[in-house]
Amino acid sequence: MPATDYQGSFLGRISIRRNQVMSMEGNHEQELEDLELFQKHVADRFAELAPPSPSQPSDDIPSDPILSIAWIRKLLDVFLCCDAEFKAILIMGRDPSQISKPPLDRLIPEMLDRDVKALDICNAITNGIEAVRHYQKLAEIAVSALEQRPFGDGQVKRARKALTSLITAMACEDKDGANYTRTWSFGRRGAAAAGNNKSTGQLRSLSWSVSKNWSAAKQIHAMSANLVAPRGTEASGLALPVYIMSTILLFVMWTMVATIPCQERSGLATHFPVPKQLVWAQSIIGLHEKIAEEWKKKEKKGSAGLLEEMQKLDKLGQSLIEFTDSFQFPAEDERAEEVSAHLAELGETCRRMEEGLVPLQVQIREVFHRIVRSRAEFLDVLDLNGKSSALAM
Amino acid sequence: MAGYQSVNPNHEGDQHLIAAAHHILKLLGAIRNLSDDTRKLLADLDIHLSIMTGNTINNGGEAIEVEKRLKCAERMVLRWQANQSMIWDTGPGEVSKFLGAIDEVQTLIDSFSGVSVNENGRVRELLYRANNIVQVAMLRLQEELIHILVHHKLYFEPEYVSFHSCRADVIYDESFVSLEDESVEASQRVSNTGSVSGEYIVDLIHPQVVPDLKAIANAMIAANYDQEFCAAFIGARQDALNEYFFVILELEKFSIDDVLKMKWSTLSSEIKKWNWAMKIIIRVYLASEKQLCNKILGGFDTVCSLCFVEIAKATFLCLLNFGEAVAMGSTQPEKLFCLLDMYEVLDDLLLEIDSLLFEEAGSYIRIEFHELLRKLGHSARQAFQELQKAIAADSSMKPLPRGGIHPLTRYVMNYIKTLTIYDDTLNLLFEDQNTEDTHSIVESETEQDISPITFCPLACHLRSITSALECSLVVKSRLYREDSLRHIFLMNNIHYVVQKIKGSDLRIFFGDEWIRKHIGKFQQHATSYQRATWCSVLSFLRDDGHCSNSVLKTSYKERCREFTNAFEDVYKIQTQWCITDPQLKEDLRISTSLKVIHAYRTFIGRNRISDKHIKYTVDDLEKLLLDFFEGTWRTLRNSRRR
């Protein structure tokens, strides 16, 4: 069932509750039902993101491969949906004083702190997407050079240079873990010129995407450090949605950090601190395990980022470099035929990147602003309770 | 390129062509030396002719001629391959030869465009060679481009651009001193009229090499190497901007987490830096960068706007995020000035940002800046409301000793005095609020002949601030046990408020009526003080018919003594009290003196009390009254020995 079906009934509930604002204590049952629904929606939404298992009959509509740009955009949509529902449950029509009671008086400030860290991750990722766009452009040069007819030595050399820059750039990013190292200074003279009045190390330090010493891995670690599943009576109260939403936030941010180049990813945790028995978390845990596995492979292999399109660029780039290495003029027709399939795939990948990267960047900005707004709304509620002084940092 | 197919047997056209050719031949016969340009033009004509006449260049002579020229260009390009020195450093002669060679190859490639490659093996081979030459040459051009960009970049020293606001020196605590409003306003006016963008353009690249860069851009784009050009150009210019940002301006990037956890003193100085950096980077640096892009890439509009946005994007986002972080933070009252500064700076720059990011590529950043302005405005309003809350919440359990000016009064008055500098912005913000929210501030004053400023939104808000202050002062005054001191305290503070308003621009916001009313208020407290203190003391001296005659007789001396005791008690206490304003102190002493001395003199004179029963003469008393409200501890013994 598509998520929108739930949306209708869910909003209906909210409006019912609006009419009951005054009788807050009386609708505990209503609240339990809302929580139940929230968990179900979370489970369903993330289940839709899971890659189709081979045993299941495949749908007619081909799903976007996991960790592709389109998939990440879906993930962010899911985040935005969950956040909206979460706020509806926790804030709308609720007596603000409930939020300042234990354990929420502790959990909400912790959540708001996580929000701030997520904002910085969003910014680091926005910057990382610039690096990915740079890779895309290098790949495009190769594609347009190799597609040119008649096809000769000049085009091959041009493509080869672009591909080498691409592979080096992706490898460099991976090694440094910092902001992407630019590869505009091709060639010996250019490099000498760029390094003329400052060391390249200094240049790199000038392009921190967030701030000096900022580390995405550390932020992720800090976000998960105090994330503990509610137990006992808390497990059925408002502590639960706070925990669920924090888990989603952590998962979304972690996934983006693992997928898209960003400042200082080394030591990114692969452990996900969510108890396995939680029903709503099954899909998230499944996705997490899958991505964590990929991440471990990546760390071992030293390959580029986990973004599906980047892995494509890496694989196809390598194979096309091999081709250009062995290229002899005049071109053997069969060899050229062989390459054209790879070339078409690289071209298709570039097209997907061209279509998806800028909207992804805009969407991350949307997530950013949503988090800012949610945080402000919670602060307002807390302010009403006169608790703002402790929180306002 | 006109292909051979397009030539129709058109007699009229032929005639024109023949006439032109005759003309050329005649001219060629007349001159001995051809300039480079002319020679090239004629060579192009030659190639064109050879392709047209031969239909394809498979027949002998022309093909050899094309090949010869290709070889010549090839030699020119390859000659540099092993050479370590840069072409553009070698001199204009070499440059034009190199560019000429590229142009030649390009012309050849273009002239093949009409020829079917598959049909003609010879042409195909020549094309391969030509493409190869172009590739080598483009690689070289890219290196030359980076070399020039790196070696001829210029930075302007920020000191030469005077954007430093006088407001940067405001200290936001209760001790801060008055500002020199005139200079602030003057500088503001100047910057507000700053739609003249050309005024701030500086050279970011030595102007001498700009034509070189343009030549490289033209050559690379003509050869369809625009992607390579952009990568190199954007990369080099991004690095230059980063260097300017971090090294020259010594700015730092902060995470939002950093900003939210920043100590107020650090944050306020970072905000000042931001204000300053926004103006320099957006108004000067990026405007100049855009101009540079236009100069180099003029005519290639898409490439040009793409390059600029790519170069500037990260810096725009960095400036934006700092603003976001500040707008997200708490809104304590002292932040208001910083928020207003940021608001005004951004408001002032918004038109420039709009024009810099006019194209589609940067539009989302442009929108975000507009959004940030709204957020800063919202935060500023919140900080203003926080002030009102803070005044109400300011509760000390101990009365201020000696009844002087309360620190809160000083703080609030200095605070709102500074606010008047921002009157335009604040009025705008409050008007927005009134249209946003349904509840607007309505005042009950109905005077007609008052300047409109007195009823502007800011004025209403200012008056509500002072009335909150008055309420708070009344609450504080209740902490005093003596009624008299309570009145002294209120008189002092209200007088201070009135003086601050009368002596500053606040005057026009509050209006004469308000001032008159409040002068009345503190005078009322002065009167109340006199009543509270002196009525009981002077009652000893009063001859009223209420007492029976026998009592009166025995008690003249007694009453004089009691009066003296009461006076001494008052003296001991009230010399410690404090009236800081000399004029106010003087006025109160005089009126007190008039009252007390008059009653005393009358009492002594009428009842003929002998000197030995009088502890203080009238003169003594007059002198003693001068000690009142000095705020120092005095004993009477000392004063009596005079």
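Two residues are in contact if their C-beta atoms, placed from the backbone, lie within 7 Å. The views below come from a predicted model.

View 1. A:M256 has 27 C-beta neighbours inside 10 Å; 20 or more make a residue buried, so A:M256 counts as buried. A:E294 is 38 residues away from A:M256 along the chain. Their C-alpha atoms are separated by 13 Å.

**View 2. The largest nonpolar core.** This core has 254 residues. Those with the most contacts inside it are A:Y135, A:A142, A:L166, A:M253, A:V257 and B:M342. Helix α4 of chain A, residues 104-147, gives the most to this core, with 21 residues.

**View 3. Helix α6 of chain B.** Residues 121-151 form this helix of 31 residues. From first C-alpha to last, helix α6 reaches 45 Å, close to the 45 Å expected at 1.5 Å a residue. Of the 31 residues of α6(B), 24 are buried, so the helix is largely enclosed by the rest of the structure.

**View 4. Confidence along chain A.** Chain A averages a pLDDT of 81, and 77% of the residues score at least 70. Over residues 15-24, pLDDT stays under 50; the model has 6 contacts beyond four places in sequence for them. Residues 176-205 of chain A are also below 50. That stretch has 56 contacts beyond near neighbours in sequence.

Note on methods: Residues are numbered from 1 along each chain as its sequence is written. Chains are lettered from A and ligands numbered from 1 in the order in which they are written. This is a predicted model: local features need pLDDT of at least 70, side-chain atom pairs count only at pLDDT 80 or more; totals for chains, interfaces and linings use all residues. Helices (H or I, at least four residues) and strands (E, at least two) are DSSP runs, numbered from the N terminus. The expected span of a helix is 1.5 Å times one less than its number of residues. A residue is buried if 20 or more other C-beta atoms lie within 10 Å of its own, exposed if 12 or fewer, and partly exposed in between; C-beta atoms are placed from the backbone. pLDDT is the predictor's confidence in each residue, from 0 to 100. A nonpolar core is a set of buried Ala, Val, Leu, Ile, Met, Phe, Trp, Tyr and Cys residues joined through C-beta atoms within 7 Å.
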